[in-house]
Amino acid sequence: MKTIALAGCSNPPHAWLRDSVSGVREVVEAAGYTLDTRIIERFEGHEHRTRSARIWRIAPRARAELLNELYADDAVDAIFDVTGGDLANEILDLIDWDVVRAHPKPFAGFSDLSTIVNAIPVMTGQRAVLWNPKTIIVRGAGDIEPILSGERIRPLSRGAHELPDAPIIGGNIRCFTKLAGTKYWPDSSGRLVLLEAIGPGLEASTSYMEQMRQLGLFADAAGLLLGQFTSIDGDDDRRALIETAREITGLDVWEVPEIGHSRDTAPVTIG
């Protein structure tokens, strides 16, 4: 029986672990897997609180040590991160990349985990998966086996041409941009750049894409994939986004409507 362990590299997952982890456990175990939730005990005593007692942060070293431990543990077959928000890039320099290289295994996370998901291929040559494991409650367990098997998961796409058979980099537009100027920033040559977002509107998304252009991200890329842009789509500004993306990047654009922040978002391989 294969074991899936939960990690928490970004904002505190306490409320979700208290209220919702049982639903994920039920689906995972019904499909024949074991769910490792040592995250609960490992984070105890490492909470940072505001004056109002709100838990706003888990100590970065505690988050990194859990991730390192899960990679080193050969009884763990895959690591699914159930956090998001803002803080994942705090642990990049605390990850033991030698351990990650020596114990390759699937890692999945989304949103703010775009930082970790892109850093793994850069630092180790291993692929990772951009995906929200919480969608198991909605989508069922069908995504688990392709992830565990290391299958190269491609997104459903629509565009003027067939999607090139090229590696994919990127993720959440705001969080992916945090890697700019660091050793974790991926090489985009011959790769498809995937962008999605929940909050940024048209103006902010345009600014992020322009920053990426100035960094040279689009110069030798194979194309641009646009996933869900929740705020923009809700304002019915999708067409303006696509036109602006073509203008800034100079790339062919494919839409990948299953990738983003919806409750049933699909996985995609990064790297």
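**Surface and charge**

I began with the surface, and I noted that the protein exposes about 11,500 Å², of which carbon and sulfur atoms supply 46%; accessible areas here come from the Shrake-Rupley method with a 1.4 Å probe, and for residues only the protein chains shown count as cover. I wrote down that this is a predicted model, in which local features need pLDDT of at least 70 and side-chain atom pairs count only at pLDDT 80 or more, while totals for chains, interfaces and linings use all residues. Residues are numbered from 1 along each chain as its sequence is written, and side-chain values use heavy atoms, with hydrogens and water left out.

I then looked up the charges, and found 28 positive and 39 negative side chains, with the centres of the two sets 3 Å apart. In this count Lys and Arg are positive and Asp and Glu negative, while His and the chain ends are not counted; each charge is placed at NZ of Lys, CZ of Arg, CG of Asp or CD of Glu.

**Overall fold**

For the secondary structure I recorded twelve helices and twelve strands, where helices (H or I, at least four residues) and strands (E, at least two) are DSSP runs numbered from the N terminus. The radius of gyration is 18 Å, close to the 18 Å that the globule rule gives for 271 residues, so the protein is as compact as a globular protein of that length; the radius is taken over C-alpha atoms, and the rule is 2.2 Å times the number of residues to the power 0.38. Along the principal axes, the C-alpha atoms fill a box of roughly 50 × 45 × 35 Å.

I also noted that buried residues make up 53% of the 271 residues, where buried means under 20% relative accessible area, exposed over 50%, and partly exposed in between, with a 1.4 Å probe and protein chains only. Among contacts (heavy atoms within 4.5 Å) between residues at least 6 apart in sequence, 77% join residues at least 24 apart.

**The core**

Which residues touch the most other members of the largest nonpolar core? I found that F80, I116 and L195 do so, in a core of 89 residues, a nonpolar core being a set of buried Ala, Val, Leu, Ile, Met, Phe, Trp, Tyr and Cys residues joined through side-chain atoms within 4.5 Å. The largest share of this core, six residues, comes from helix α4, residues 60-72. In soluble globular proteins, nonpolar side chains tend to be buried together.

When I followed L195, leaving out residues up to four places away in sequence, I listed its contacts as G171, I173, F176, M209, M212, L224, L225, L226, G227 and F229.

The buried residues include I116, V117 and I120.

I recorded S111 as buried, at 9% relative accessibility. Just after α6, G125 takes a positive phi of about 80 degrees, and this glycine sits in the loop between α6 and β7 (128-130). G125 is exposed, with a relative accessible area of 63%.

**Other loops**

In the loop between β3 (47-49) and β4 (55-58) I found A53, whose phi is near 80 degrees, again positive in a residue other than glycine. A53 is partly exposed, at 44% relative accessible area.

Not counting residues up to four places away in sequence, P200 touches I173, S205, Y208, S231 and I232. P200 and R174 are 26 residues apart in sequence and 7.9 Å apart in space, C-alpha to C-alpha.

G201 is found in the loop between β9 and α10, and at 23% relative accessibility I recorded G201 as partly exposed. Leaving aside neighbours within four places in sequence, G201 is in contact with S231 and I232.

My last entry is G159, placed in the loop between α8 (144-148) and β8 (168-172) and partly exposed at 44% relative accessibility. With neighbours within four places set aside, G159 is in contact with V253 and W254.
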